[in-house]
Amino acid sequence: MKPFAKIVSMIAVLALFFGFAISPVQAETKGDECETFFVNVSHGINGTRLGLSKDLPVIAYVYKDGDVLAKIPLVFKQTFQAELPIGEYTIEVFSEELGAFIDSMKVGPVEIPGCVKVNLLARLGEQGEPTIRVLVRELASKASSR
């Protein structure tokens, strides 16, 4: 299995771990509808399991509505968290060591609504292949918490 894919998989695992907060999270609202969502992405793949460096540096490309929104550099054990506007998103992972995108780590395109928390769990599958598990949970909106 390609090391880059494993790294992305581990990022998703860390995202799930850090995604469950003890206190409730509130999304930005306009009237009764949320205009944002929260995302957690974690790099949890030790590159040595793939024959690469332990840090296994990657760049997560985040596309919103077809345009590049951000390029997020990550290394083993790093986590990225953000509040983003609703829309259609695609995430692709680029391995700096391999110099290529990892096709099995692509997520989307998918329409993401407001008032949710998206956790991306990168891990290795049963045969050691990189996978990303996406978990979505609803959040309390500010309007409903009044």
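Visitor: How many helices and strands are there in the chain?

Guide: This is a predicted model. The chain has 1 helix and 13 strands, and along the sequence the pattern reads α-β-β-β-β-β-β-β-β-β-β-β-β-β. Of its 146 residues, 47% are buried. Among contacts with a separation of 6 or more, 68% are between residues 24 or more positions apart.

Visitor: What makes Cys34 and Cys115 a disulfide?

Guide: The cut-off is two cysteine sulfur atoms within 2.5 Å. The S to S distance between Cys34 and Cys115 is 1.3 Å, so the pair meets the definition. A search of the whole structure finds 1 disulfide.

Visitor: Why is the disulfide of Cys34 and Cys115 called right-handed?

Guide: The torsion about its S-S bond is about 70°, and the disulfide is therefore right-handed. The pair links distant parts of the chain: Cys34 is in strand E3 (residues 33-34), Cys115 is in the loop between E10 and E11, and 81 residues separate them.

Visitor: Why does Cys115 count as buried?

Guide: Buried means under 20% relative accessible area. Cys115 has 16% relative accessibility, so it counts as buried. Cys34 is buried too.

Visitor: What is the phi of Cys115?

Guide: Phi of Cys115 is near 60°, a positive value in a residue other than glycine. Most residues other than glycine have a negative phi. Lys77 also has a positive phi, about 80°, and is not a glycine. Lys77 lies in the loop between E6 and E7.

Visitor: Which residues does Ile86 touch?

Guide: Ile86 is in the loop between E7 and E8. Not counting residues up to four places away in sequence, Ile86 touches Cys34, Glu35, Thr36, Phe37, Lys64, Ile112, Pro113 and Gly114.

Visitor: What makes up the largest nonpolar core?

Guide: The largest nonpolar core has 21 residues, and Phe37, Val39, Leu84, Tyr89, Ile112 and Val118 have the most contacts inside it. E4 (36-42), E5 (58-64), E6 (67-74), E7 (79-85), E8 (87-95), E10 (107-112) and E11 (116-124) each supply at least two of its residues. The largest share, 4 residues, comes from E11. Leaving aside neighbours within four places in sequence, Val39 is in contact with Phe80, Gln81, Ala82, Leu84 and Val118.

Visitor: How many residues line the largest pocket, and of which classes are they?

Guide: There are 22 lining residues, and Phe37, Val39, Ile91, Ile112 and Leu120 lie nearest the centre. By class, 21 are nonpolar, 1 is polar and none is charged. The volume of the largest pocket is about 270 Å³. Strand E12 (130-138) is among the strands that each supply at least two lining residues.

Visitor: Where is there a cis peptide bond, and what is its omega?

Guide: The bond from Gly108 to Pro109 is cis, with omega near 10°. Pro109 is in strand E10. Most peptide bonds are trans.

Note on methods
Residues numbered from 1 in each chain as written. Predicted model: local features only at pLDDT ≥ 70, side-chain atom pairs only at ≥ 80, totals over all residues. Heavy atoms only, no water. Core = buried A, V, L, I, M, F, W, Y, C linked by side-chain atoms within 4.5 Å. Buried < 20%, exposed > 50% of the residue type's maximum accessible area, 1.4 Å probe, protein only. Contact = heavy atoms within 4.5 Å. 1 Å grid on protein atoms, 1.4 Å probe; cavity = no way out; pocket = protein on both sides within 12 Å on 5 of 7 lines; lining within 4 Å. Points joined across faces, edges and corners; volume = space filled by probe spheres on them. Nonpolar A, V, L, I, M, F, W, Y, C, P; charged D, E, K, R; others polar.
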